[in-house]
Structure formats: structure tokens, C-alpha cells
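Thanks for making time. I will go through one structure this morning, from the overall layout down to a few single residues. Please have the sequence and the model open.

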Amino acid sequence: MRRADRQVTDPQEINQIIKTAKVLHLGLFDGNFPYVVPLHYGYEQENGVFVFFLHSAKDGHKLEQIQKNPHVCVELECEVSPIPGGDIPCRYGASFASVIGRGTAEIVGDKAEKIRGLALLMKHQTGRDFEITDQMAASVAIIKIVVPDVTAKRRPKP
């Protein structure tokens, strides 16, 4: 990381960034160009590995790309706020906290895992527990992304 002074290495702080963010930007391979789509997510951490769950329509471009190449990149950010620079343009910037990781995506077929993924997504997005029915789970596709390693960065407000 070029800006080592902004690097976040504390696992609790990294988890807090992921917990605070609400939108995950999913980067996929799409022929000669990357394809990035913002999605709501839920997550869990298993032995230091982040597992993200996203929901989607049951067919579409992102699912096609995952089936062609499951290698993905995820990016999340929070605490974004402009930093004014007065009369000097180069002093403008933004405070932020972000996490980037590379992992592998799969479209979940197991009904119980789909229900668990949707429950995690709803808990993360709303702070509430919901009962997810078989019918609810059957109405959407669930994408599971396993991210074994992440990097994180923070630029606090001055």
C-alpha cells in the first residue's frame, strides 16, 4: 500500500468498517472490460475469512459473469466526507474508510444457505432479525463471496 500512514491492520477496525458500510461494489470480469455493480450485502467472518452474501434477480448479467469467471473483487467504503481546501485546489480531498478484497463468488443453490444468507443481509442492512421463508429464498438468487484476505485504509477528518 502506497500510503502506509492510512493503512488499517487491526482486525477489529477492519470489521467495523465492513459493519458500518451498507453497499458493496462487486467487480467482475466482463470480456475486455471490468464490470462493477453496487449491491446491498450481509456478511459473517469465519476464522478471519469474510463471507459476503448478496441477493440478485434469478438471472442477469452479473450472474452470467460469475458463472464464466468466479474470481471477483469487492470494495466497501464508509465515513466519506469532503475535506475543504480553501483557495488551493490540491488541498481538497475526502475523509473515508475503505476495505478491498479479492475472492471467489458462487451462486448458492442450497436452500438453507440461501435462507441464512438472506437473514444475514437483512440483519446487516436493517439491524433487525427477520424470518426468511422458503418462498422468499426461492424468489431470488443468492451470491456467496469468500474473501480470504482484505486490505483496509482510513483517512480521518482533520
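Helices and strands here are DSSP runs, helices being H or I with at least four residues and strands being E with at least two, and both are numbered from the N terminus. Before the details, two remarks on conventions. The model is predicted, so to speak of local features I need pLDDT of at least 70, side-chain atom pairs count only at pLDDT 80 or more, and totals for chains, interfaces and linings use all residues. Residues are numbered from 1 along each chain as its sequence is written, and side-chain values use heavy atoms, with hydrogens and water left out.

The overall layout, then. There are four helices and eight strands in the protein. Read from the N terminus, the order is β-α-β-β-β-β-α-β-β-α-α-β. Along the principal axes, the C-alpha atoms fill a box of roughly 55 × 40 × 30 Å.

On burial, the cut-offs are under 20% relative accessible area for buried, over 50% for exposed, and partly exposed in between, with a 1.4 Å probe and protein chains only. By that count, 38% of the 158 residues are buried. A contact means heavy atoms within 4.5 Å. Taking contacts between residues at least 6 apart in sequence, 69% join residues at least 24 apart.

Next, strand pairing. Two strands pair if DSSP finds at least two bridges between them. Strand β6, residues 71-83, runs antiparallel to β2, residues 23-30, and four bridges join them. Strand β6 is also joined to β7, residues 93-107, by 11 bridges, again antiparallel. Val74 in β6 can be followed across both pairings: Leu26 stands opposite Val74, and Val74 stands opposite Gly101 in β7.

Gln65 sits in helix α2, residues 61-68. Is Gln65 buried or exposed? Gln65 counts as buried, because its relative accessibility is 4%. Apart from neighbours within four places in sequence, Gln65 is in contact with Leu28, Phe29 and Asp30. Gln65 and Ala105 are 40 residues apart in sequence, and their C-alpha atoms are 10 Å apart in space.

The next residue is Lys144, in strand β8, residues 141-155. Why does Lys144 count as buried? Its relative accessibility is 16%, so Lys144 falls in that class. Which side chain does the side chain of Lys144 meet in a polar contact? It is that of Glu113, at 2.8 Å. A polar contact is a pair of N or O atoms within 3.5 Å; within protein, one must be able to donate a hydrogen and the other to accept it, and residues adjacent in sequence count only if both atoms are side-chain atoms. Leaving aside neighbours within four places in sequence, Lys144 is in contact with several residues, among them Val51, Phe52, Phe53, Thr104 and Ala105.

Last, backbone angles. Most residues other than glycine have a negative phi. Asn47 has a positive phi, near 55°. Asn47 is placed in the loop between β4, residues 42-46, and β5, residues 49-56, and is exposed, because its relative accessible area is 82%. Glu79 has a positive phi as well, near 60°. Where does Glu79 lie? Glu79 lies in strand β6, and with a relative accessible area of 40% it is partly exposed.

That is the end of the list, and I can take questions.
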